[in-house]
Amino acid sequence: AARIIQNMDPTADPCKDFYQYACGGWLNRHVIPETSSRYSIFDILRDELEIILKGVLETPDQGDREAFRKAKILYKSCMNESLIEQRDSLPLLEALIMVGDWPVASADWNKTKEPNWSMEEKLSIMNSRFNKRVLIDMFVWNDDRDSSRHIIYIDQPSLGMPSRDYYFNGGNYQRVREAYLQFMITIAKMIREDKNMSKDDSFVQEEMAKVMELETEIAN
C-alpha cells in the first residue's frame, strides 16, 4: 500500500488528469534507462533477480542438488569467452550436421544428403536437442477438458520474424524484412567461408530468397 501511494501524485486532480494522479509519483522518481524502451516495477524486479541469480551461480559447488549443478555448469560455459572465441563457428557447424546440413552451405546437398533426409526425423531432432519448433509446435500441457491429466497439443510455432505483419506490410516492416533477408545472406556467406567453400554470392542470394518466400507462404 505504501508503494502504491508513493507512486501516486495526490496533488493532481484525478478528474482532470487521472494518469498523473495515479502514476505521477512513479514518473517523478524513475527515468527510463538509455538501454531500455520501458521501465516498470517488473523490470526493476527482473534486474534485482538477475543480480541475485548471478551471486548464486557464482558460488562454489557445495554438494548442490543436480539442478543447481547443471545451472552452474551452463553459466560457466557461457562466461568462458576465451573458449567460445577459440571454438568460433565449430558448434554451429556441428549443429548443422545433426539436422542434415544446410543446402546453401553445401556443395552437393541434393546428391549426398537429400536421399537420406527425413523431415519428420529432423523436426524431432530440432525439438528434442535444440528446443526449436519448426513448421509444427508440439508440447504436453494440462487438458482443458480434464485438469487432472496432461495431453499432447499440436499448434503453429512462431515465425522467423515477430509476427505476420513483418512479411506483408510496408514502412518499417519492409525495412526489417529487408534487413532480415540480408542477415540470412550474411550468415550463409560466413558459414560457406568457414567451410572453405568457393564464393558464390548469386547462389546464396537465390537460396535465401527461396527461404524468404517459404516463410512468407507459411506466414500467409
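**Entry 1: ground rules**

I take helices (H or I, at least four residues) and strands (E, at least two) as DSSP runs, numbered from the N terminus. With that set, I placed Leu-135 in the loop between helix H8 (119-130) and strand E1. The model is predicted, so I note that local features need pLDDT of at least 70 and side-chain atom pairs count only at pLDDT 80 or more, while totals for chains, interfaces and linings use all residues. Residues are numbered from 1 along each chain as its sequence is written, and side-chain values use heavy atoms, with hydrogens and water left out.

**Entry 2: domains**

I looked up the division of the chain. It gives domain 1 (1-79), domain 2 (91-155) and domain 3 (164-219). The bounds come from an automatic or database domain assignment. I then took the C-alpha centres of domain 1 and domain 2, which lie 35 Å apart.

I started with Ile-4, which sits in helix H1 (residues 2-6). Is Ile-4 buried or exposed? For this I use relative accessible area: buried is under 20%, exposed is over 50%, partly exposed is in between (1.4 Å probe, protein chains only). Ile-4 has 57%, so I logged Ile-4 as exposed.

Gly-25 belongs to helix H2 (residues 18-29), where Gly-24, Gly-25 and Trp-26 are buried. What do the buried residues of H2 pack against? I found H1 and helix H3 (41-57). Contact here means heavy atoms within 4.5 Å.

Next came Pro-60, in the loop between H3 and helix H4 (66-79). Pro-60 counts as exposed because its relative accessibility is 55%. From Pro-60 to Ser-198 I read 48 Å between C-alpha atoms, for a pair 138 residues apart along the chain.

**Entry 3: the largest nonpolar core**

I define a nonpolar core as a set of buried Ala, Val, Leu, Ile, Met, Phe, Trp, Tyr and Cys residues joined through side-chain atoms within 4.5 Å. The largest one has 15 residues. Val-104, Tyr-167, Tyr-180, Val-204, Met-208 and Met-212 touch the most other members. Helix H6 (90-98), helix H10 (172-194) and helix H11 (201-219) each give two or more residues to this core. H10 has the largest share, five residues. Domain 2 and domain 3 each supply at least three residues to this core.

I followed up on Val-204. Leaving out residues up to four places away in sequence, Val-204 touches Val-104, Ile-185, Ala-188, Lys-189 and Arg-192.

**Entry 4: salt bridges**

My rule is a side-chain nitrogen of Lys or Arg within 4 Å of a carboxyl oxygen of Asp or Glu. How many salt bridges does the rule give? The count is 14.

- Asp-201 pairs with Lys-189 at 3.8 Å, N to O. This pair links distant parts of the chain, with Asp-201 in H11 and Lys-189 in H10, twelve residues apart. I logged Asp-201 as partly exposed because its relative accessibility is 27%. Lys-189 is also partly exposed, at 29%.
- Glu-207 pairs with Lys-210, with the closest N and O atoms 3.3 Å apart. Both are in H11, three residues apart, so about one helical turn separates them. Glu-207 is buried, at 17%.
- Arg-133 pairs with Asp-137, with the closest N and O atoms 3.2 Å apart. Arg-133 is partly exposed at 25%, whereas Asp-137 is buried at 16%.
- Arg-38, Asp-43 and Arg-46 are linked in a network of salt bridges.

**Entry 5: the surface patch**

I returned to Leu-135. Leu-135 is partly exposed, with 42% relative accessibility. Leu-135 is also one of the residues in a nonpolar surface patch with about 1,000 Å² of accessible area together. Other members include Trp-117, Met-119, Ile-136, Ile-152, Leu-214 and Ile-218. Strand E1 (137-143), strand E2 (146-155) and H11 each give two or more residues to the patch.

Patch residues have over 30% relative accessible area and no salt bridge; like charges are joined within 9 Å, nonpolar side chains (Val, Leu, Ile, Met, Phe, Trp, Tyr) within 5 Å. The areas come from the Shrake-Rupley method with a 1.4 Å probe, and for residues only the protein chains shown count as cover.

**Entry 6: one last distance**

Glu-178 is partly exposed, at 47% relative accessibility. Glu-178 and Ala-67 are 42 Å apart, C-alpha to C-alpha, and 111 residues apart in sequence.
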